[in-house]
Amino acid sequence: MTDTLTDAPEAAPSDAFHVFDTTLRDGAQREGINLTVADKLTIARHLDDYGVGFIEGGWPGANPRDTEFFRRAREEIAFRHARLVAFGATRKPGVPVADDPQVAALLASGAPVVTLVAKAHDRHVALALRTTLEKNLAMVRETVAHLRAHGRRVFVDCEHFFDGHRANAEYATAVVRAAHEAGADVVVLCDTNGGMLPAQVAGTVSAVLAATGARLGIHAQDDTGCAVANTLAAVDAGATHVQCTANGYGERVGNANLFPVVAALELKYDRRVLPPGRLAETTRVSHAIAEVVNLTPSTHQPYVGVSAFAHKAGLHASAIKVDPDLYQHIDPERVGNTMRMLVSDMAGRASIELKGKELGIDLGGDRELVGRVVERVKEREAQGYTYEAADASFELLLRQEVTGRALRYYRVESWRAIAEDRPDGTHANEATVKIWAKGERIVATAEGNGPVNALDRALRSALEPFYPQLGGLELTDYKVRILEGSLGTGSITRVLVSTSDQDGEWSTVGVAENVIAASWQALDDAYAYGLWRAGVEPRE
């Protein structure tokens, strides 16, 4: 009996090498991730757009959410690059494969590809499955053959394979052979506990490949921090199927990260594993998926992190000014990222010149001007300011030095914020600002859920009649840090504020002994920068 299924999207990558994504199943096991069906559909679209060959959607029949995902994916997504994969287990011991309900659920999912998890460690067979080694081999053979007879392409994940091979190499290899001979297209060797190192992985893959002739894949957990390295070591040893998750999401410390693996294969191995032009979408897709799972993207993630191509040391900047390749292993644009120059007390002239160029400000080789900026940055950072995390405040400083005047749209007469505790246990926060804008004196008062929020509302209330562009600004983040070396309530406080409009986000910094005063400085810079971005000419 066979079922008619559409197996190959029109623009599917070559079948010679598989990029297999399991974010929707294995990645979803990360602590803190809880995906709805809508989330899974959105991530599947991003992964298909990126160009992976296979997307493992979950375990149909194991829970209603995964069952619904496969139904809706069939109806709502026209996959252009990827094949949808259903995940499940071999038949249960003592149950005929045709009568096993979870095997039936795999077929009912409509997925053209099925990944079966099989026990490859003899101890797990005895303790977890509570069956014999020979019966486990029969379970593998019969389930693969059954699914193949129904027209499904089958991959077999050999769970705990590397530990099992170390304990009983003959039996672990027999599981691979059983799956291969029954018709599995790929047999995946899983480092389920994540304890292997690259040399161990390479040696095992080579030995199994020689012993079985099966097409092999690799599934690596990251418990030793080696999942990406282990995946590439398996490829070096002959594996042609890599299982990964977006941003390395997964149980415990995670899985092999899809994006460094793909980038390494494309850029270091010169192996085309994505459709043409899709590698440049790497950073965008990584960040988009992070937004869906509601986790802040890792700033230091290889290839896609905002700090992946950020340079701080003056020595680096001097070299990069001559040739960016001197301190970068690839052109960041190849993975959709950008080079950033960080301005700090470590900055030299080259750092300032390159940062100015990045911001569109031509310093014209003016050594006196550049030197003045360097000294001002060092002086301000000695006071507690940080410009590597507050590009907008640095740009305001730089433009002030270039033009000889600050970007100011209003003049502050005074401000105050009051936090009140009432006898009934409630709290009130009120702020008043007195400013001059476009020749008029404005006094505005507002309440907020905290003194800084009240200040923000009061300032916005005062200025919006004169600058309606402020209506499009939104404060998106607020961070407070007590600086090292300071003590108690009299310490120096640094505040970082992130603000966004429809076109982007920027950060500003304030430093003072008073947290409210530091917050006011950061808010003041945020508003000035937002109005400048909107094309408003300074007046004050």
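This is a short walk through one predicted protein model, from the overall picture down to single residues.

First, the ground rules. The model is predicted, so local features need pLDDT of at least 70 and side-chain atom pairs count only at pLDDT 80 or more, while totals for chains, interfaces and linings use all residues. Residues are numbered from 1 along each chain as its sequence is written, and side-chain values use heavy atoms, with hydrogens and water left out.

Now the overall picture. The protein has 17 helices and 16 strands. Helices (H or I, at least four residues) and strands (E, at least two) are DSSP runs, numbered from the N terminus. The C-alpha atoms fill a box of roughly 85 × 60 × 50 Å, taken along the principal axes. Of the 540 residues, 53% count as buried. Buried means under 20% relative accessible area, exposed means over 50%, and partly exposed is in between (1.4 Å probe, protein chains only). Next, contacts, meaning heavy atoms within 4.5 Å. Take the contacts with a separation of 6 or more: residues 24 or more positions apart account for 68% of them.

On to charge pairs. Side chains of opposite charge can pair when their charged atoms come close. A salt bridge here is a side-chain nitrogen of Lys or Arg within 4 Å of a carboxyl oxygen of Asp or Glu. How many salt bridges does the structure hold? It holds 31.

Look at Arg284. Its side chain meets that of Asp49 in a salt bridge, at 2.7 Å from N to O. That pair links distant parts of the chain: Asp49 is in helix H1 (residues 37-50), Arg284 is in helix H11 (residues 282-293), and they are 235 residues apart. Arg284 also forms a salt bridge with Glu281, with the closest N and O atoms 2.5 Å apart. Are these two residues buried or partly exposed? Arg284 is partly exposed, at a relative accessible area of 37%. Glu281 is partly exposed too, at 21%.

Stay in H11 for Thr283. Thr283 has a relative accessible area of 8%, so it counts as buried. Leaving out residues up to four places away in sequence, Thr283 touches Tyr303, Val304, Val335, Gly336 and Asn337.

Another pair: Asp501 and Arg533 form a salt bridge, closest N and O atoms 3.1 Å apart. Asp501 sits in strand E15 (residues 493-501) and Arg533 in helix H17 (residues 515-533), distant parts of the chain 32 residues apart. Arg533 is partly exposed, at 32% relative accessibility. There is also a network: salt bridges that share partners join Arg45, Glu68, Arg71, Arg72, Glu75 and Glu76.

Next, helix packing. Two packed helices are described by the angle between their axes and the distance between the axes. The axes of H16 (residues 451-463) and H17 come within 10 Å and cross at roughly 35 degrees. Axes are lines fitted to C-alpha atoms, for helices over the stretch in contact, and angles run from 0 to 180 degrees between N-to-C directions. Which residues of H17 meet H16? They are Ile516, Ser519, Trp520, Leu523 and Tyr527. On the H16 side, the residues include Pro451, Val452, Leu455 and Leu459.

Close by in sequence order comes a loop. Leu473 lies between H16 and strand E14 (474-482). At 7% relative accessibility, Leu473 counts as buried. Leu473 and Thr499 are 26 residues apart in sequence, with their C-alpha atoms 6.7 Å apart in space. Beyond four places in sequence, Leu473 touches Arg460, Thr499, Ser500, Asp501, Trp506, Ala526 and Gly530.

Now helix H3 (residues 101-108). Its buried residues include Gln102, Val103, Ala105, Leu106 and Leu107. Their cover includes strand E3 (83-89), strand E4 (113-119) and helix H5 (133-149). After H3 comes Gly110, with a positive phi near 80 degrees.

Last stop, Leu129 in helix H4 (residues 122-129). Leu129 is partly exposed, at a relative accessible area of 22%. Setting aside neighbours within four places in sequence, Leu129 contacts Pro93, Lys119, His124, Asn136 and Met139. The C-alpha atoms of Leu129 and Gln521 are separated by 64 Å, and the two residues are 392 apart along the chain.
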